[in-house]
Amino acid sequence: ETVVFENSLDIEIGACAFYGCKALTTVAFDAENVTLGEYAFYANTQLIGVATVNNNITISDSTFAECVSLERVGAGSGIVKVANTTLPAYAFFRCSSVQNFDLTEVLAIETCALNSCSGVTDLVLTKVTNIASSAIYINTSKSVNIVINKDITSDGLKANSIAGVRVTLYSTMDSYVRTFADANRINFVGVNMTGYESSYIYPINSNHTLSVVGTGYGTLTYA
């Protein structure tokens with residue numbers, strides 16, 4: 001089933017509004033600003049996409065948790081992008097069909113926001129300064145590349161913030177990210193981040209080339 005909300009400047013969907021609606025497949029908002037409450041689409045297991053006329057869509061805790069078929073949110077095709085600068089707790093928990101997140105404007109990621117998003121292969125977090133404990137856990141047979149803000153500190157990158165069997169972290173060699181990776185036995189590749197923070201770079205392996213020089217060091221170059 002498809003639900004369409006038309007001709008409105010602002011639309012707000014309350015908490016639990018579509019909780020457990022397993023027949024819902026697509027939702028479209030013809031509005032300038034969209035706000036979705038807690039658990040608004042929780043466990044909508046057939047929900048594939050939520051379309052907006054722009055990316056001014058703000059979500060809450062667990063808005064899309066357990067939406068295992070979800071592939072897109074916002075104005076883009078095949079990508080998830082929201083207006084939040086803080087990604088709420090459990091926002092996309094177990095959204096295992098999402099492949100592409102645009103998180104370039106996100107500053108903080110709360111607990112379990114991206115846990116079990118097993119369809120993801122690349123995350124670009126160049127503005128993030130705080131990642132809560134257990135925020136990102138991706139256990140998949142695929143390699144997962146995560147580029148992280150070189151200025152994040154030990155206060156912002158907590159123990160167990162990021163985990164996964166085949167995760168590789170990318171940041172500068174002198175960043176705390178390297179220390180975190182060593183302490184948590186996560187693969188790390190040092191990259192030259194100059195000019196990188198202001199650019200939308202996604203995914204690493206398609207639009208850009210990562211050339212590794214020696215052990216644990218590489219340079220991110222533009223294709």
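This is a predicted model: local features need pLDDT of at least 70, side-chain atom pairs count only at pLDDT 80 or more; totals for chains, interfaces and linings use all residues.
Let's start inside. The largest nonpolar core has 54 residues. Phe 64, Phe 92, Ile 136 and Leu 169 make the most contacts inside it. Several elements supply at least two residues each, among them strand 1, strand 8 and helix 1. Strand 2 gives the most, with five residues. As a general point, nonpolar side chains tend to be buried together in soluble globular proteins.

Take Leu 169. Setting aside neighbours within four places in sequence, its contacts include Ile 146, Phe 180 and Val 189.

Four strands form an open sheet, in the order 8-11-13-14, with parallel pairing. Which strands stand at the edges? Strand 8 and strand 14 do. Each has a single partner strand, so one side of each is left without a neighbour in the sheet. The twist averages 20° from one strand to the next. Four bridges join strand 8 to strand 11. In one of these strands, strand 11, Val 147 is the bridge partner of Val 124.

Last, the charges. The structure holds four salt bridges.

Arg 94 meets Glu 66 at 3.3 Å, N to O. They sit 28 residues apart in the chain. Arg 94 is partly exposed, at 41%. Glu 66 is buried, at 18%.

Asp 102 pairs with Lys 81, with the closest N and O atoms 3.4 Å apart. Both residues are buried.

Lys 127 meets Glu 105 at 3.0 Å, N to O. Lys 127 lies in the loop between strand 8 and strand 9, Glu 105 in the loop between strand 6 and strand 7, so the pair ties together parts 22 residues apart in sequence.

How values were computed: Residues are numbered from 1 along each chain as its sequence is written. Side-chain values use heavy atoms; hydrogens and water are left out. A nonpolar core is a set of buried Ala, Val, Leu, Ile, Met, Phe, Trp, Tyr and Cys residues joined through side-chain atoms within 4.5 Å. Buried means under 20% relative accessible area, exposed over 50%, partly exposed in between (1.4 Å probe, protein chains only). Contact means heavy atoms within 4.5 Å. Two strands pair if DSSP finds at least two bridges between them. Axes are lines fitted to C-alpha atoms, for helices over the stretch in contact, and angles run from 0 to 180 degrees between N-to-C directions. A salt bridge is a side-chain nitrogen of Lys or Arg within 4 Å of a carboxyl oxygen of Asp or Glu.
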